[in-house]
Amino acid sequence: SVVLDRTGERLTITLDHPESGNSIDRAMRDALYDAFSLAVLDPDIRQVSLREAGRTFSLGAELGEFGTTTDPATAHAIRMATLPAHWAWRCADKLDVHVQGGCVGAGLELAAWAKRFTAAPDAWFQLPELAMGILPGAGGCVSLTRRIGRQRAALLILSGKRISAKTALAWGLIDAVTGDEAGADIG
């Protein structure tokens, strides 16, 4: 569900489960954890790109996995052990992300760590967790606040409001609206 492509000093990480809208299930979460740890631990990797296969960046966490452990504390411990955000923030200075379509929940929380974050004109962004009785748990309370400030982060978290690429650009969530995926690269 995650494809890595290493070309010289560049590591491209691709979310590759378009049938699920690139929902982040256990296997994808673990693979992202490994990919971002590689990006941090290998000093020869100077640029990291996060992309998607298909028409949607990520619809967030795989909801079918919620409630499958014996208790919420165990579920939280499992997620925290392999949370990709633990490594993504450590390589944020060399991370670029370009999204198209939906960028929701855990997908948005992870993408917001990027130094350079761009989106296609059709992109939209949303944190729907509160309506499900949970808080953003993939690092978004920190990554989004870092990009757009606490008031706008709180608005997204508390309202579950969906915003367009145009609004995301005006707020500073993304750095540019572009149809050119290569335009997201950090130079």
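Which residues are linked with R26 in a network of salt bridges? The network joins R26, R29 and D30, a salt bridge being a side-chain nitrogen of Lys or Arg within 4 Å of a carboxyl oxygen of Asp or Glu. The model is predicted, so local features need pLDDT of at least 70 and side-chain atom pairs count only at pLDDT 80 or more, while totals for chains, interfaces and linings use all residues. Residues are numbered from 1 along each chain as its sequence is written, and side-chain values use heavy atoms, with hydrogens and water left out.

Six salt bridges are present in the structure. R29 counts as buried, at 11% relative accessibility, whereas D30 is partly exposed, with a relative accessible area of 24%. Here buried means under 20% relative accessible area, exposed means over 50%, and partly exposed lies in between (1.4 Å probe, protein chains only).

An open sheet of six strands has the order β1-β2-β3-β4-β6-β9, and its pairing is mixed. At its edges stand β1 (2-7) and β9 (176-177), each with a single partner strand, so one side of each has no neighbour in the sheet. Helices (H or I, at least four residues) and strands (E, at least two) are DSSP runs numbered from the N terminus, and two strands pair if DSSP finds at least two bridges between them. In general, strands of a sheet pair through backbone hydrogen bonds, either parallel or antiparallel.

Strands β1 and β2 run antiparallel and are joined by six bridges; D5 stands opposite T12 in β2. The two strands form a hairpin with two residues between them, and G8 in the turn has a positive phi of about 60°. Strand β2 (residues 10-15) is in turn joined by six bridges to β3 (residues 47-52), and this pair runs parallel. The bridge partner of R10 is Q47 in β3.

Helix α1 (residues 26-41) lies across β1, β2, β3 and β4 (95-99), running at about 170° to β2. Axes are lines fitted to C-alpha atoms, for helices over the stretch in contact, and angles run from 0 to 180 degrees between N-to-C directions; contact means heavy atoms within 4.5 Å. The loop between β2 and α1 contains N22. Phi of N22 is near 55°, a positive value in a residue other than glycine. Most residues other than glycine have a negative phi. N22 is buried, with a relative accessible area of 0%.

A further salt bridge is formed by R51 and D96, with the closest N and O atoms 2.7 Å apart. R51 lies in strand β3 and D96 in strand β4, so the pair ties together parts that are 45 residues apart in sequence. Both R51 and D96 are buried.

The side chains of R147 and D175 also meet in a salt bridge (3.0 Å, N to O). Because R147 lies in helix α5 (residues 140-159) and D175 in the loop between α6 (165-171) and β9, this pair ties together parts that are 28 residues apart in sequence. R147 counts as buried at 14% relative accessibility, whereas D175 is partly exposed at 33%.

An open sheet of three strands has the order β5-β7-β8, again with mixed pairing. Strands β5 (102-104) and β8 (163-164) stand at the edges, each with a single partner strand. Two bridges join β7 (residues 124-126) to β8 in an antiparallel arrangement, and F125 stands opposite I163 in β8.
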